[in-house]
Amino acid sequence: MKIAILGGTGEQGPGLALRWAKAGEEVIVGSRQKEKGEKVAIELNQELGQELIRGTDNVTAAAAADIIVLTVPYSAHIGTLESVKEQCKGKIFVDVSVPLDPDNARRTIMPEVGSASEEAQQVLGPDVKVVCALQNISAHLLRDINATIDCDVLVCGDKDARPTVMQLINKIGGGIKAVSAGPLEAARQIEPITALLIRLNILNKVHSAGIRITGLPEK
Ligand SMILES: NC(=O)c1ccc[n+]([C@@H]2O[C@H](COP(=O)([O-])OP(=O)(O)OC[C@H]3O[C@@H](n4cnc5c(N)ncnc54)[C@H](OP(=O)(O)O)[C@@H]3O)[C@@H](O)[C@H]2O)c1
């Protein structure tokens, strides 16, 4: 699987890139600027001690990938989606975006359609398999490739693509477990959990709050 991480140069993207590359996946870091994508890929490869990650611009990354992961701030959500719409056709698209209130990250301002992931589906069209995932993992823990990440990742969206994305999430390692939350509509509940985790991080002066779901049958 070739995975493109659009906006993979920021907080959330590099940890995913490092961990998936380490697990044997082919990763391309995307940026608005090709040179910035290349520079971040070089830095990540230095950390891995191997040339496993490629960097380029978002459009080229999306065109080359089988699975496209979006990690940009919500203010850039629709603009970035529109810029790669053509390149996403027929592919799996994983939206990590959270529509945080720009004035207070302890809250979300949900889009009219219900959630950022449903908005992605609306912009990209019905032939893109949109999956909502990875909103509830701390970028801080992800970025330390040796850190334990004691948390579940709720995954909802396209029922054919969901198992593939869940397998990919289980490859992140560190104790992360993917939990299916059904259709894309569940993103309306999943995305705001991030605002709650930010609130808990602030209250406890940490960067590591996460969730575990209990009481479900073992799969
Ligand atoms: N950070 C976390 O702990 C965390 C946890 C869970 C979910 N999330 C969600 O994941 C998403 C990414 O978070 P993040 O913290 O990684 O964001 P970030 O570091 O602020 O930004 C990620 C990348 O997005 C691109 N970007 C920034 N502004 C842009 C704009 N106006 N237009 C287009 N691209 C722009 C930049 O890449 P280029 O300059 O290279 O284009 C930047 O490196 C957000 O929706 C966030 O809510 C974050």
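Tutor: Start with a term: a residue is buried if 20 or more other C-beta atoms lie within 10 Å of its own, exposed if 12 or fewer, and partly exposed in between, with C-beta atoms placed from the backbone. Leu 134 is buried, with 28 other C-beta atoms within 10 Å.

Student: Is this predicted or experimental, and how are residues numbered?
Tutor: This is a predicted model; local features need pLDDT of at least 70, side-chain atom pairs count only at pLDDT 80 or more, and totals for chains, interfaces and linings use all residues. Residues are numbered from 1 along each chain as its sequence is written.

Student: Back to Leu 134. Where does Leu 134 lie?
Tutor: In the loop between E8 and H6. Those labels are DSSP runs numbered from the N terminus: helices (H or I, at least four residues) and strands (E, at least two). Phi of Leu 134 is positive, near 75°, and Leu 134 is not a glycine. Most residues other than glycine have a negative phi.

Student: Is Lys 205 buried or exposed?
Tutor: Exposed, because Lys 205 has 6 C-beta neighbours inside 10 Å.

Student: New topic. How many residues of H5 are buried?
Tutor: Seven of its nine, so H5 is mostly covered. Among them are Ala 116, Glu 118, Gln 121 and Leu 124.

Student: What do the buried residues of H5 pack against?
Tutor: H4, strand E5 (92–95), strand E8 (129–132), strand E9 (152–157) and helix H8 (187–204). After H5 comes Gly 125, with a positive phi near 95°.

Student: At what angle do H4 and H5 cross?
Tutor: Roughly 45°, and the axes of H4 (residues 77–88) and H5 (residues 116–124) come within 9 Å. That makes H4 oblique to H5. Angles under 35 degrees count as roughly parallel, over 145 as roughly antiparallel, 65 to 115 as roughly perpendicular and the rest as oblique. Axes are lines fitted to C-alpha atoms, for helices over the stretch in contact, and angles run from 0 to 180 degrees between N-to-C directions.

Student: Which residues of H4 and H5 make the contact?
Tutor: H4 gives His 77, Ile 78, Leu 81, Glu 82, Lys 85 and Cys 88, and H5 gives Ala 116, Glu 119, Ala 120, Val 123 and Leu 124. Two residues are in contact if their C-beta atoms, placed from the backbone, lie within 7 Å. These residues divide into seven nonpolar, one polar and three charged. Ala, Val, Leu, Ile, Met, Phe, Trp, Tyr, Cys and Pro count as nonpolar, Asp, Glu, Lys and Arg as charged, and the others, Gly among them, as polar.

Student: And the ligand? Which residues come nearest?
Tutor: Gly 7, Gly 10, Ser 31, Ala 76 and Ala 139, of 25 residues around the ligand. Here a residue is near if its C-beta atom, placed from the backbone, lies within 6 Å. Helix H1 (12–22) and H4 are the elements that give two or more residues to this shell. The shell holds eight nonpolar, 14 polar and three charged residues.

Student: Last one: what is His 140 in contact with?
Tutor: His 207 and Ser 208, leaving aside neighbours within four places in sequence. His 140 lies in helix H6 (residues 139–143). His 140 is partly exposed, with 16 other C-beta atoms within 10 Å.
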